[in-house]
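Look at the fold below and follow the chain from its start. Then read on, section by section.

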Amino acid sequence: MRPIRTACLGTAAALTAFLACAPVATAATNTESPAPQARDRVITVIGHLAQQTFFPVNPGGAPAQGDRTVFRSVLFDQDGNQVGETGGTCTTTRVENGGAEDCNVTYTLHGDQLTAQGFVFGFLNPGPPPSFDNAITGGTGNFDRARGTIHADTIAPGTRRFTIDLDR
């Protein structure tokens, strides 16, 4: 059985998928920081993987098209204040050439939501989970009708930096 690595915090895992294998304990839970507004062009948050479950098509076998990962991460601002969470699913669409996952992810920031979708490529390759970009497909509240991209980088095991670039 392959190691579980999703990029979704992402999108693939988005957000993928998108995260690393080892869960990381979260420290800060202060939600007193101001809510980001959709008019802010770039929002950066740090996601710590809190829960991840893998549903293989071939339990105990090789990775296969249709394998699914469900995940949840806790989001923090740059000052360590908890600002939300993310959750989603990634489905393996290809196992050749490092693999590909299609991810659907929702980010909740101060009660408002952003949705994102996209591929994470190379998640089966050895090493840390790959970076990825997903499209923002919509949102609620301050993020109503949001568009843009979310870029994810693995910065430590179980930890990703998400850069949310809003077009409006």
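## Strands and how they pair

Two strands pair if DSSP finds at least two bridges between them. Helices (H or I, at least four residues) and strands (E, at least two) are DSSP runs, numbered from the N terminus. This is a predicted model: local features need pLDDT of at least 70, side-chain atom pairs count only at pLDDT 80 or more, and totals for chains, interfaces and linings use all residues. Residues are numbered from 1 along each chain as its sequence is written, and side-chain values use heavy atoms, with hydrogens and water left out.

How many helices and strands are there in the protein? There are zero helices and nine strands. From the N terminus on, the order reads β-β-β-β-β-β-β-β-β.

## The barrel

Eight strands make a closed barrel, in the order E2-E3-E4-E5-E6-E7-E8-E9, with antiparallel pairing. Neighbouring strands of this sheet are turned by 30° against each other on average, direction ignored. For such angles, axes are lines fitted to C-alpha atoms, for helices over the stretch in contact, and angles run from 0 to 180 degrees between N-to-C directions.

Now walk along part of the barrel. Strand E6 (residues 112–121) pairs with strand E7 (residues 132–139) in the antiparallel sense, over four bridges. Here Ala116 stands opposite Ile136 in E7. E7 also pairs with strand E8 (residues 148–156), antiparallel again, over five bridges. On that side, Ile136 stands opposite Gly148, and Ala135 stands opposite Thr149.

What joins E8 to strand E9 (residues 159–166)? Eight bridges do, and the two strands run antiparallel. Ile150 in this pairing stands opposite Ile164 in E9. E8 and E9 form a hairpin with two residues between them. Gly158 sits in the turn, with a positive phi of about 75°.

## The nonpolar core

A nonpolar core is a set of buried Ala, Val, Leu, Ile, Met, Phe, Trp, Tyr and Cys residues joined through side-chain atoms within 4.5 Å. In soluble globular proteins, nonpolar side chains tend to be buried together. The largest core here has 24 residues. Those with the most contacts inside it include Val45, Tyr107, Leu109 and Phe162. Elements that give two or more residues to this core include strand E2 (42–55), strand E3 (68–76), strand E4 (82–94) and strand E5 (100–109). E5 gives the largest share, four residues.

## Burial, surface and contacts

Buried means under 20% relative accessible area, exposed over 50%, and partly exposed in between (1.4 Å probe, protein chains only). Of the 168 residues, 45% count as buried. The protein exposes about 7500 Å², and carbon and sulfur atoms supply 51% of it. Accessible areas come from the Shrake-Rupley method with a 1.4 Å probe; for residues, only the protein chains shown count as cover.

Contact means heavy atoms within 4.5 Å. Among contacts between residues at least 6 apart in sequence, 55% join residues at least 24 apart.

## The disulfide

A disulfide is a covalent bond between the sulfur atoms of two cysteines. Here the term covers a pair of cysteine sulfur atoms within 2.5 Å. The structure holds one disulfide. Which residues form it? Cys90 and Cys103 do, with their sulfur atoms 2.0 Å apart. The pair links distant parts of the chain: Cys90 in strand E4 and Cys103 in strand E5, 13 residues apart.

The link of Cys90 and Cys103 is right-handed, with 115° about the S-S bond. Are its cysteines buried or exposed? Cys90 is buried, because its relative accessible area is 0%. Cys103 has 0% relative accessibility, so Cys103 counts as buried.
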